[in-house]
Amino acid sequence: MMSFIFKQKRFWVRPISLVALATGLMAIHSFADTTTVATSAPAVVAAAPAAVPVDSALMGRVADLEAYINNTAATKLVGVPGPGHNAWLMTSTAFVLFMTLPGLALFYGGLVRSKNVLSVLAQCFGCVGMVSVAWWAVGYSFTFAAGHPWLGSAKFAFLNGVTSAPNTDYSYWVSHNVFCMFQLMFAIITPALIVGSIAERMKYSAIMLFLTGWMFVVYFPLAHMVWGIDGMMNGVWNAAAKIHAIDFAGGTVVHMSSGWSALVLALILGKRTGFGQKNFAPHSLVLTLIGTGMLWVGWYGFNAGSAVAADVVAANAFTTTTLATAFGATVWPLLEWIFKGKPTVLGFCSGAVAGLVVITPACGFVNPTGAVIIGVLAAIVPFFFCTVVKSWFKYDDALDTFGVHGVGGTMGALLTGILATPTVNANLSTNLAGIVGKTLWIEQLKAIGVTIALAVIGTTILAYIVKMVIGLRPSVDEELQGLDYIDHGESGYHYEEA
(Lines give C-alpha, C1' and ligand atoms only; values in the text may rest on other atoms or scores of the structure.)
Protein backbone atom coordinates (compact mmCIF):
# COMPACT_ATOMS: atom_id res chain seq x y z
CA MET A 1 0.00 0.00 0.00
CA MET A 2 1.30 3.45 -0.87
CA SER A 3 0.27 7.03 -0.18
CA PHE A 4 -0.66 10.19 -2.04
CA ILE A 5 0.53 13.45 -0.40
CA PHE A 6 -1.38 16.71 -0.48
CA LYS A 7 -0.56 19.50 1.96
CA GLN A 8 -0.38 17.41 5.13
CA LYS A 9 -2.65 14.75 3.68
CA ARG A 10 -1.90 11.31 2.14
CA PHE A 11 -4.25 9.23 0.01
CA TRP A 12 -3.83 5.45 0.30
CA VAL A 13 -4.46 3.30 -2.76
CA ARG A 14 -3.29 0.00 -4.27
CA PRO A 15 -0.53 0.98 -6.76
CA ILE A 16 -0.18 -0.24 -10.33
CA SER A 17 2.37 -3.05 -10.23
CA LEU A 18 4.89 -1.78 -12.73
CA VAL A 19 7.61 -3.63 -10.83
CA ALA A 20 5.88 -6.97 -11.34
CA LEU A 21 5.34 -6.17 -14.99
CA ALA A 22 8.98 -5.24 -15.50
CA THR A 23 10.15 -8.41 -13.74
CA GLY A 24 8.01 -10.57 -16.01
CA LEU A 25 9.22 -8.84 -19.15
CA MET A 26 12.84 -9.27 -18.10
CA ALA A 27 12.30 -12.98 -17.47
CA ILE A 28 10.65 -13.49 -20.88
CA HIS A 29 13.46 -11.61 -22.63
CA SER A 30 16.14 -13.63 -20.87
CA PHE A 31 14.38 -16.91 -21.62
CA ALA A 32 14.18 -16.00 -25.33
CA ASP A 33 17.91 -15.25 -25.43
CA THR A 34 18.91 -18.60 -23.91
CA THR A 35 16.51 -20.88 -25.81
CA THR A 36 17.16 -21.91 -29.46
CA VAL A 37 14.99 -23.77 -31.97
CA ALA A 38 16.49 -26.98 -33.53
CA THR A 39 16.60 -27.04 -37.35
CA SER A 40 18.32 -30.31 -38.35
CA ALA A 41 19.54 -32.06 -35.24
CA PRO A 42 17.24 -34.52 -33.51
CA ALA A 43 15.13 -33.03 -30.78
CA VAL A 44 16.70 -33.16 -27.37
CA VAL A 45 15.46 -32.18 -23.97
CA ALA A 46 16.81 -28.70 -23.30
CA ALA A 47 18.32 -27.89 -19.97
CA ALA A 48 16.34 -25.54 -17.73
CA PRO A 49 17.42 -21.91 -18.19
CA ALA A 50 19.68 -20.45 -15.58
CA ALA A 51 18.18 -18.17 -12.96
CA VAL A 52 17.72 -14.67 -14.31
CA PRO A 53 19.75 -12.10 -12.35
CA VAL A 54 17.69 -9.11 -11.24
CA ASP A 55 18.95 -5.74 -12.42
CA SER A 56 18.54 -3.84 -9.16
CA ALA A 57 19.24 -0.48 -10.77
CA LEU A 58 16.53 -1.03 -13.37
CA MET A 59 14.10 -2.28 -10.74
CA GLY A 60 14.78 0.80 -8.65
CA ARG A 61 14.07 3.09 -11.59
CA VAL A 62 10.84 1.23 -12.37
CA ALA A 63 9.79 1.43 -8.73
CA ASP A 64 10.33 5.19 -8.77
CA LEU A 65 8.27 5.49 -11.93
CA GLU A 66 5.51 3.64 -10.12
CA ALA A 67 5.91 5.97 -7.13
CA TYR A 68 5.64 9.03 -9.37
CA ILE A 69 2.47 7.76 -11.05
CA ASN A 70 0.91 6.91 -7.69
CA ASN A 71 2.28 10.02 -5.90
CA THR A 72 4.11 8.00 -3.26
CA ALA A 73 7.59 7.99 -1.76
CA ALA A 74 10.51 7.22 -4.08
CA THR A 75 13.68 5.27 -3.29
CA LYS A 76 16.20 6.36 -5.95
CA LEU A 77 14.70 9.75 -6.81
CA VAL A 78 14.29 11.10 -3.29
CA GLY A 79 14.38 14.90 -3.42
CA VAL A 80 13.62 15.05 -7.17
CA PRO A 81 10.45 16.96 -8.15
CA GLY A 82 7.94 15.34 -10.49
CA PRO A 83 7.18 17.47 -13.57
CA GLY A 84 3.45 16.69 -13.81
CA HIS A 85 2.63 17.37 -10.17
CA ASN A 86 4.90 20.42 -10.17
CA ALA A 87 3.23 21.79 -13.29
CA TRP A 88 -0.24 21.45 -11.75
CA LEU A 89 0.77 23.26 -8.58
CA MET A 90 2.50 26.08 -10.46
CA THR A 91 -0.68 26.47 -12.52
CA SER A 92 -2.78 26.42 -9.34
CA THR A 93 -0.53 29.04 -7.78
CA ALA A 94 -1.16 31.38 -10.70
CA PHE A 95 -4.90 30.68 -10.43
CA VAL A 96 -4.99 31.64 -6.75
CA LEU A 97 -3.11 34.90 -7.37
CA PHE A 98 -5.64 35.53 -10.17
CA MET A 99 -8.35 35.30 -7.50
CA THR A 100 -6.99 38.37 -5.70
CA LEU A 101 -5.67 40.27 -8.70
CA PRO A 102 -7.84 40.97 -10.55
CA GLY A 103 -10.72 38.75 -9.32
CA LEU A 104 -11.41 39.97 -5.79
CA ALA A 105 -10.30 43.51 -6.64
CA LEU A 106 -12.92 43.77 -9.39
CA PHE A 107 -15.58 41.93 -7.38
CA TYR A 108 -15.20 44.36 -4.46
CA GLY A 109 -14.43 47.36 -6.68
CA GLY A 110 -17.73 47.10 -8.50
CA LEU A 111 -19.69 46.92 -5.25
CA VAL A 112 -18.52 50.26 -3.82
CA ARG A 113 -19.39 53.76 -4.99
CA SER A 114 -17.33 55.14 -7.86
CA LYS A 115 -15.43 57.56 -5.62
CA ASN A 116 -13.97 54.64 -3.66
CA VAL A 117 -13.20 52.10 -6.37
CA LEU A 118 -9.45 52.79 -6.45
CA SER A 119 -9.20 52.55 -2.67
CA VAL A 120 -10.46 48.97 -2.78
CA LEU A 121 -8.16 48.05 -5.66
CA ALA A 122 -5.20 49.59 -3.82
CA GLN A 123 -5.98 47.69 -0.62
CA CYS A 124 -6.08 44.39 -2.52
CA PHE A 125 -2.85 45.22 -4.32
CA GLY A 126 -1.28 46.36 -1.05
CA CYS A 127 -1.99 42.96 0.48
CA VAL A 128 -0.05 41.25 -2.31
CA GLY A 129 3.09 43.23 -1.56
CA MET A 130 2.88 43.35 2.22
CA VAL A 131 2.08 39.66 2.68
CA SER A 132 4.78 38.59 0.21
CA VAL A 133 7.43 40.45 2.19
CA ALA A 134 6.23 39.00 5.49
CA TRP A 135 6.01 35.51 3.96
CA TRP A 136 9.61 35.72 2.71
CA ALA A 137 10.91 36.98 6.04
CA VAL A 138 9.28 34.63 8.56
CA GLY A 139 5.66 34.01 7.58
CA TYR A 140 6.22 30.81 5.64
CA SER A 141 8.50 29.47 8.34
CA PHE A 142 6.07 30.31 11.14
CA THR A 143 3.33 28.53 9.20
CA PHE A 144 4.92 25.39 7.74
CA ALA A 145 8.18 24.72 9.58
CA ALA A 146 7.90 22.19 12.39
CA GLY A 147 7.98 23.86 15.75
CA HIS A 148 5.15 23.98 18.25
CA PRO A 149 1.52 22.86 18.07
CA TRP A 150 0.40 26.49 17.72
CA LEU A 151 3.25 28.05 15.70
CA GLY A 152 6.17 26.91 13.57
CA SER A 153 9.80 27.93 13.95
CA ALA A 154 12.37 30.13 12.19
CA LYS A 155 13.85 27.17 10.29
CA PHE A 156 12.82 28.55 6.89
CA ALA A 157 13.22 32.27 7.69
CA PHE A 158 14.10 34.31 4.58
CA LEU A 159 13.27 31.08 2.68
CA ASN A 160 16.52 29.54 3.85
CA GLY A 161 16.55 25.92 2.68
CA VAL A 162 13.44 26.37 0.53
CA THR A 163 14.78 24.90 -2.70
CA SER A 164 13.41 23.09 -5.72
CA ALA A 165 13.71 19.77 -3.91
CA PRO A 166 10.44 18.57 -2.33
CA ASN A 167 9.72 19.03 1.36
CA THR A 168 8.42 15.54 2.07
CA ASP A 169 6.48 16.72 5.11
CA TYR A 170 3.94 18.00 2.57
CA SER A 171 4.70 16.43 -0.81
CA TYR A 172 6.97 13.80 -2.35
CA TRP A 173 6.95 15.27 -5.85
CA VAL A 174 6.26 19.02 -5.67
CA SER A 175 9.22 21.38 -5.24
CA HIS A 176 9.45 23.03 -1.84
CA ASN A 177 9.67 26.51 -3.36
CA VAL A 178 6.58 25.86 -5.51
CA PHE A 179 4.64 24.68 -2.45
CA CYS A 180 5.83 27.81 -0.64
CA MET A 181 4.57 30.09 -3.42
CA PHE A 182 1.26 28.24 -3.60
CA GLN A 183 0.67 28.79 0.10
CA LEU A 184 1.72 32.44 -0.25
CA MET A 185 -1.30 33.03 -2.48
CA PHE A 186 -3.60 31.77 0.29
CA ALA A 187 -1.90 34.10 2.72
CA ILE A 188 -2.41 37.01 0.29
CA ILE A 189 -6.13 36.62 -0.35
CA THR A 190 -7.14 36.05 3.28
CA PRO A 191 -6.50 39.57 4.63
CA ALA A 192 -7.74 41.03 1.33
CA LEU A 193 -11.16 39.52 2.09
CA ILE A 194 -11.40 41.68 5.23
CA VAL A 195 -11.32 44.77 3.03
CA GLY A 196 -14.91 44.13 1.93
CA SER A 197 -16.41 44.63 5.37
CA ILE A 198 -14.80 48.02 6.08
CA ALA A 199 -14.84 49.39 2.53
CA GLU A 200 -15.23 53.16 2.00
CA ARG A 201 -14.38 54.22 5.55
CA MET A 202 -10.89 53.15 6.68
CA LYS A 203 -7.64 54.94 5.85
CA TYR A 204 -5.20 53.08 3.63
CA SER A 205 -2.40 53.53 6.17
CA ALA A 206 -4.60 52.14 8.94
CA ILE A 207 -5.80 49.10 7.03
CA MET A 208 -2.28 48.17 5.93
CA LEU A 209 -0.87 48.55 9.44
CA PHE A 210 -3.75 46.52 10.87
CA LEU A 211 -3.43 43.74 8.28
CA THR A 212 0.32 43.48 8.81
CA GLY A 213 -0.21 42.83 12.49
CA TRP A 214 -3.17 40.55 11.73
CA MET A 215 -1.00 38.22 9.68
CA PHE A 216 1.31 37.63 12.63
CA VAL A 217 -1.35 37.47 15.33
CA VAL A 218 -4.07 35.52 13.51
CA TYR A 219 -3.13 34.03 10.15
CA PHE A 220 0.31 32.50 10.69
CA PRO A 221 -0.59 30.77 13.98
CA LEU A 222 -3.98 29.55 12.72
CA ALA A 223 -2.59 28.22 9.44
CA HIS A 224 0.11 26.33 11.33
CA MET A 225 -2.38 24.86 13.77
CA VAL A 226 -4.56 23.54 10.93
CA TRP A 227 -2.03 22.70 8.19
CA GLY A 228 1.39 22.55 9.85
CA ILE A 229 2.89 19.08 10.11
CA ASP A 230 2.79 19.29 13.91
CA GLY A 231 -0.21 21.63 14.19
CA MET A 232 -2.60 21.16 17.09
CA MET A 233 -5.66 20.98 14.79
CA ASN A 234 -4.14 18.93 11.94
CA GLY A 235 -6.29 15.89 12.54
CA VAL A 236 -5.41 14.14 9.30
CA TRP A 237 -1.65 13.76 9.77
CA ASN A 238 -0.70 14.76 13.28
CA ALA A 239 -1.62 11.81 15.46
CA ALA A 240 -0.78 13.93 18.51
CA ALA A 241 -3.15 16.75 17.52
CA LYS A 242 -5.20 18.10 20.40
CA ILE A 243 -8.16 18.69 18.09
CA HIS A 244 -8.68 16.14 15.30
CA ALA A 245 -10.24 18.54 12.82
CA ILE A 246 -10.02 18.67 9.02
CA ASP A 247 -9.88 21.60 6.60
CA PHE A 248 -8.99 20.77 3.01
CA ALA A 249 -8.47 24.25 1.54
CA GLY A 250 -9.23 26.92 4.11
CA GLY A 251 -12.68 27.01 5.70
CA THR A 252 -11.24 27.93 9.08
CA VAL A 253 -7.86 29.30 8.00
CA VAL A 254 -9.11 31.60 5.24
CA HIS A 255 -12.84 32.26 5.39
CA MET A 256 -13.67 32.03 9.07
CA SER A 257 -10.61 33.99 10.16
CA SER A 258 -11.21 36.81 7.69
CA GLY A 259 -15.01 36.82 8.04
CA TRP A 260 -15.13 37.03 11.82
CA SER A 261 -12.28 39.53 11.91
CA ALA A 262 -14.14 41.62 9.33
CA LEU A 263 -17.26 41.78 11.51
CA VAL A 264 -15.33 42.83 14.61
CA LEU A 265 -13.35 45.47 12.72
CA ALA A 266 -16.54 46.85 11.13
CA LEU A 267 -18.18 47.16 14.56
CA ILE A 268 -15.15 48.93 16.04
CA LEU A 269 -14.84 51.22 13.03
CA GLY A 270 -18.51 52.18 12.98
CA LYS A 271 -20.92 52.72 10.11
CA ARG A 272 -20.21 54.64 6.95
CA THR A 273 -21.29 58.26 7.04
CA GLY A 274 -24.89 58.37 5.87
CA PHE A 275 -25.43 54.62 6.25
CA GLY A 276 -29.16 53.91 6.21
CA GLN A 277 -29.92 57.37 4.83
CA LYS A 278 -28.05 57.53 1.52
CA ASN A 279 -27.90 55.24 -1.48
CA PHE A 280 -24.92 52.90 -1.24
CA ALA A 281 -25.76 50.86 -4.34
CA PRO A 282 -22.88 49.23 -6.26
CA HIS A 283 -21.49 51.56 -8.92
CA SER A 284 -20.74 48.78 -11.45
CA LEU A 285 -22.26 45.32 -11.28
CA VAL A 286 -20.50 44.65 -14.57
CA LEU A 287 -17.14 44.77 -12.76
CA THR A 288 -18.57 42.65 -9.96
CA LEU A 289 -19.79 39.97 -12.35
CA ILE A 290 -16.44 39.88 -14.17
CA GLY A 291 -14.68 39.58 -10.81
CA THR A 292 -17.01 36.75 -9.82
CA GLY A 293 -16.15 34.81 -12.95
CA MET A 294 -12.45 35.28 -12.25
CA LEU A 295 -12.92 34.09 -8.68
CA TRP A 296 -14.74 30.96 -9.85
CA VAL A 297 -12.01 30.09 -12.36
CA GLY A 298 -9.24 30.84 -9.88
CA TRP A 299 -10.92 28.80 -7.17
CA TYR A 300 -10.07 25.59 -9.02
CA GLY A 301 -6.47 26.31 -8.16
CA PHE A 302 -7.52 27.17 -4.62
CA ASN A 303 -9.42 23.93 -4.03
CA ALA A 304 -8.14 21.31 -6.48
CA GLY A 305 -4.62 22.68 -6.08
CA SER A 306 -4.80 21.95 -2.37
CA ALA A 307 -4.31 18.28 -3.19
CA VAL A 308 -0.69 19.34 -3.95
CA ALA A 309 -0.67 16.79 -6.76
CA ALA A 310 -2.44 16.05 -10.03
CA ASP A 311 -4.19 13.06 -8.51
CA VAL A 312 -7.60 11.58 -7.72
CA VAL A 313 -8.07 13.83 -4.71
CA ALA A 314 -7.57 16.89 -6.92
CA ALA A 315 -10.07 15.47 -9.40
CA ASN A 316 -12.67 15.04 -6.66
CA ALA A 317 -12.08 18.56 -5.35
CA PHE A 318 -12.46 19.93 -8.89
CA THR A 319 -15.81 18.15 -9.26
CA THR A 320 -17.29 19.09 -5.88
CA THR A 321 -16.19 22.71 -6.28
CA THR A 322 -18.06 22.97 -9.57
CA LEU A 323 -21.27 21.43 -8.22
CA ALA A 324 -21.45 23.45 -5.00
CA THR A 325 -20.78 26.72 -6.82
CA ALA A 326 -23.35 26.04 -9.52
CA PHE A 327 -26.04 25.19 -6.98
CA GLY A 328 -25.20 28.26 -4.89
CA ALA A 329 -25.41 30.49 -7.95
CA THR A 330 -28.80 28.96 -8.81
CA VAL A 331 -30.50 28.92 -5.41
CA TRP A 332 -29.55 32.43 -4.22
CA PRO A 333 -31.25 34.28 -7.12
CA LEU A 334 -34.13 31.82 -6.86
CA LEU A 335 -34.65 32.95 -3.28
CA GLU A 336 -34.60 36.55 -4.47
CA TRP A 337 -37.18 35.69 -7.10
CA ILE A 338 -39.43 34.13 -4.47
CA PHE A 339 -39.11 36.77 -1.76
CA LYS A 340 -38.27 39.93 -3.72
CA GLY A 341 -39.90 39.34 -7.08
CA LYS A 342 -36.80 39.37 -9.28
CA PRO A 343 -33.51 37.47 -9.50
CA THR A 344 -30.62 39.93 -9.52
CA VAL A 345 -27.17 39.78 -11.08
CA LEU A 346 -25.77 40.52 -7.63
CA GLY A 347 -27.69 37.47 -6.41
CA PHE A 348 -26.04 35.25 -9.00
CA CYS A 349 -22.63 36.59 -7.98
CA SER A 350 -23.29 36.29 -4.24
CA GLY A 351 -24.59 32.73 -4.59
CA ALA A 352 -21.58 31.63 -6.61
CA VAL A 353 -19.11 33.08 -4.12
CA ALA A 354 -21.05 31.59 -1.20
CA GLY A 355 -20.94 28.16 -2.85
CA LEU A 356 -17.19 28.50 -3.34
CA VAL A 357 -16.68 29.53 0.26
CA VAL A 358 -18.71 26.76 1.88
CA ILE A 359 -17.28 23.93 -0.25
CA THR A 360 -13.68 25.02 0.40
CA PRO A 361 -13.02 23.03 3.61
CA ALA A 362 -14.97 20.03 2.31
CA CYS A 363 -14.05 19.74 -1.38
CA GLY A 364 -11.44 17.00 -0.93
CA PHE A 365 -13.48 15.05 1.62
CA VAL A 366 -17.07 14.89 0.30
CA ASN A 367 -18.70 13.19 -2.67
CA PRO A 368 -20.89 14.90 -5.32
CA THR A 369 -24.05 14.43 -3.25
CA GLY A 370 -22.39 16.15 -0.33
CA ALA A 371 -21.34 18.97 -2.64
CA VAL A 372 -24.94 19.49 -3.79
CA ILE A 373 -26.16 19.67 -0.19
CA ILE A 374 -23.43 22.17 0.59
CA GLY A 375 -24.27 24.27 -2.47
CA VAL A 376 -27.95 24.55 -1.53
CA LEU A 377 -27.21 25.44 2.09
CA ALA A 378 -24.50 27.87 0.97
CA ALA A 379 -27.20 29.92 -0.70
CA ILE A 380 -29.91 29.66 1.95
CA VAL A 381 -27.97 30.44 5.15
CA PRO A 382 -25.73 33.31 3.95
CA PHE A 383 -28.72 34.79 2.09
CA PHE A 384 -30.60 34.89 5.37
CA PHE A 385 -27.68 36.54 7.17
CA CYS A 386 -27.00 39.08 4.42
CA THR A 387 -30.63 40.16 4.13
CA VAL A 388 -32.49 39.44 7.38
CA VAL A 389 -29.92 39.23 10.19
CA LYS A 390 -27.98 42.22 8.88
CA SER A 391 -31.16 44.32 8.89
CA TRP A 392 -32.05 43.15 12.39
CA PHE A 393 -28.78 44.24 13.97
CA LYS A 394 -28.02 47.08 11.51
CA TYR A 395 -24.26 46.51 11.41
CA ASP A 396 -22.45 47.93 8.39
CA ASP A 397 -20.79 44.91 6.81
CA ALA A 398 -20.29 46.91 3.62
CA LEU A 399 -19.78 44.12 1.09
CA ASP A 400 -21.11 41.21 3.17
CA THR A 401 -17.74 39.72 4.05
CA PHE A 402 -19.11 38.38 7.33
CA GLY A 403 -22.39 37.18 5.86
CA VAL A 404 -20.68 35.18 3.10
CA HIS A 405 -17.20 34.33 4.39
CA GLY A 406 -17.70 34.36 8.15
CA VAL A 407 -21.04 32.58 8.20
CA GLY A 408 -20.31 30.49 5.12
CA GLY A 409 -16.88 29.43 6.33
CA THR A 410 -18.26 28.43 9.73
CA MET A 411 -21.07 26.41 8.19
CA GLY A 412 -18.66 24.80 5.75
CA ALA A 413 -16.33 23.70 8.54
CA LEU A 414 -19.23 22.07 10.38
CA LEU A 415 -20.71 20.42 7.28
CA THR A 416 -17.29 18.99 6.46
CA GLY A 417 -17.37 17.08 9.72
CA ILE A 418 -20.84 15.75 8.94
CA LEU A 419 -20.47 14.88 5.24
CA ALA A 420 -16.84 13.77 4.94
CA THR A 421 -16.42 10.21 3.72
CA PRO A 422 -13.36 7.96 3.32
CA THR A 423 -14.81 6.57 0.09
CA VAL A 424 -13.44 9.64 -1.72
CA ASN A 425 -10.46 10.27 0.53
CA ALA A 426 -9.01 7.32 2.38
CA ASN A 427 -6.81 9.63 4.46
CA LEU A 428 -9.81 9.81 6.73
CA SER A 429 -9.22 6.15 7.58
CA THR A 430 -5.86 6.81 9.24
CA ASN A 431 -5.82 8.91 12.40
CA LEU A 432 -9.52 9.72 12.08
CA ALA A 433 -10.89 6.24 11.40
CA GLY A 434 -12.72 6.04 14.71
CA ILE A 435 -14.57 9.36 14.42
CA VAL A 436 -15.42 9.89 10.74
CA GLY A 437 -19.17 9.63 10.34
CA LYS A 438 -19.54 9.66 14.11
CA THR A 439 -18.05 12.45 16.22
CA LEU A 440 -15.87 14.28 13.70
CA TRP A 441 -18.35 17.15 13.73
CA ILE A 442 -17.57 17.68 17.42
CA GLU A 443 -13.88 18.12 16.57
CA GLN A 444 -14.95 20.58 13.90
CA LEU A 445 -16.88 22.57 16.50
CA LYS A 446 -13.75 22.75 18.64
CA ALA A 447 -11.75 24.07 15.69
CA ILE A 448 -14.50 26.58 14.97
CA GLY A 449 -14.32 27.80 18.57
CA VAL A 450 -10.55 28.23 18.48
CA THR A 451 -10.74 30.09 15.15
CA ILE A 452 -13.44 32.51 16.29
CA ALA A 453 -11.66 33.21 19.57
CA LEU A 454 -8.33 33.90 17.89
CA ALA A 455 -9.89 36.09 15.18
CA VAL A 456 -12.10 38.11 17.54
CA ILE A 457 -9.53 38.66 20.28
CA GLY A 458 -6.66 39.32 17.89
CA THR A 459 -8.69 41.75 15.78
CA THR A 460 -9.97 43.66 18.80
CA ILE A 461 -6.51 44.18 20.26
CA LEU A 462 -4.93 45.16 16.95
CA ALA A 463 -7.75 47.53 15.95
CA TYR A 464 -7.50 49.52 19.17
CA ILE A 465 -3.71 49.68 18.93
CA VAL A 466 -3.92 51.07 15.39
CA LYS A 467 -6.67 53.46 16.44
CA MET A 468 -4.49 54.77 19.23
CA VAL A 469 -1.37 55.10 17.08
CA ILE A 470 -2.58 56.57 13.76
CA GLY A 471 -6.38 56.45 13.86
CA LEU A 472 -8.69 54.26 11.81
CA ARG A 473 -10.95 56.60 9.86
CA PRO A 474 -10.59 59.67 7.68
CA SER A 475 -12.53 62.78 8.68
CA VAL A 476 -16.20 63.03 7.74
CA ASP A 477 -15.40 65.55 5.00
CA GLU A 478 -12.69 63.30 3.59
CA GLU A 479 -15.00 60.29 3.65
CA LEU A 480 -17.67 62.24 1.79
CA GLN A 481 -15.11 63.34 -0.78
CA GLY A 482 -14.06 59.74 -1.37
CA LEU A 483 -11.00 57.69 -0.49
CA ASP A 484 -9.71 57.51 -4.05
CA TYR A 485 -8.63 61.13 -3.96
CA ILE A 486 -7.93 61.39 -0.22
CA ASP A 487 -5.68 58.31 0.01
CA HIS A 488 -4.28 58.10 -3.49
CA GLY A 489 -4.75 61.45 -5.19
CA GLU A 490 -6.47 59.79 -8.13
CA SER A 491 -9.90 59.09 -9.54
CA GLY A 492 -11.11 55.84 -10.96
CA TYR A 493 -13.10 57.57 -13.70
CA HIS A 494 -12.66 60.83 -15.62
CA TYR A 495 -15.61 62.24 -17.51
CA GLU A 496 -15.19 64.86 -20.21
CA GLU A 497 -17.59 67.75 -20.03
CA ALA A 498 -19.86 68.20 -23.04
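I470 is partly exposed, with a relative accessible area of 34%; partly exposed covers values between buried (under 20% relative accessible area) and exposed (over 50%), found with a 1.4 Å probe and protein chains only. I470 sits in the loop between α13 and α14 (476-481). Helices here are DSSP runs (H or I, at least four residues), numbered from the N terminus.

This is a predicted model, in which local features need pLDDT of at least 70, side-chain atom pairs count only at pLDDT 80 or more, and totals for chains, interfaces and linings use all residues. Residues are numbered from 1 along each chain as its sequence is written, and side-chain values use heavy atoms, with hydrogens and water left out.

I470 belongs to a nonpolar surface patch together with L209, I457, I461, I465, M468 and V469, and the accessible area of the patch is about 670 Å². Patches consist of residues with over 30% relative accessible area and no salt bridge, with nonpolar side chains (Val, Leu, Ile, Met, Phe, Trp, Tyr) joined within 5 Å and like charges within 9 Å. The areas come from the Shrake-Rupley method with a 1.4 Å probe, and for residues only the protein chains shown count as cover. Helix α13 (residues 440-469) supplies the largest share of the patch, 5 residues.

Inside the protein, the largest nonpolar core has 122 residues, and L104, W135, M202, F210, Y219 and F302 have the most contacts within it. Such a core is a set of buried Ala, Val, Leu, Ile, Met, Phe, Trp, Tyr and Cys residues joined through side-chain atoms within 4.5 Å. The helix that gives the most to this core is α6, with 15 residues. Leaving aside residues up to four places away in sequence, F302 touches V96, M99, F182, F186, I189, A249, V254, H255 and T360; contact means heavy atoms within 4.5 Å. A second, separate core has 5 residues, among them V389, Y395, F402 and V407.

T100 lies in helix α3 and is buried, with a relative accessible area of 0%. Residues that T100 touches, beyond those up to four places away in sequence, are A105, C124, V128, I188, I189 and A192.

The whole structure holds 7 salt bridges, each a side-chain nitrogen of Lys or Arg within 4 Å of a carboxyl oxygen of Asp or Glu. The table lists some of them.

| E200 | R113 | 3.0 Å |

E200 forms its salt bridge with R113. E200 lies in the loop between α5 (176-194) and α6 (204-227) and R113 in the loop between α3 (83-111) and α4 (117-144), so this pair ties together parts 87 residues apart in sequence. E200 is buried at 3% relative accessible area, and R113 is buried at 15%.

D396 is in the loop between α11 (368-393) and α12 (401-419), while R272 is in the loop between α7 (251-269) and α8 (285-303), so the pair ties together parts that are 124 residues apart in sequence. D396 has a relative accessible area of 3% and is buried; R272 is buried at 7%.

Salt bridges with shared partners join R113, E200, R201, R272 and D396 into one network.

The chain averages a pLDDT of 90, and 89% of the residues score at least 70; pLDDT is the predictor's confidence in each residue, from 0 to 100. Over residues 1-44 the pLDDT is below 50, and this stretch has 105 contacts in the model beyond near neighbours in sequence.

Key: Helix = DSSP H or I, 4+ residues; strand = E, 2+ residues; numbered from the N terminus.
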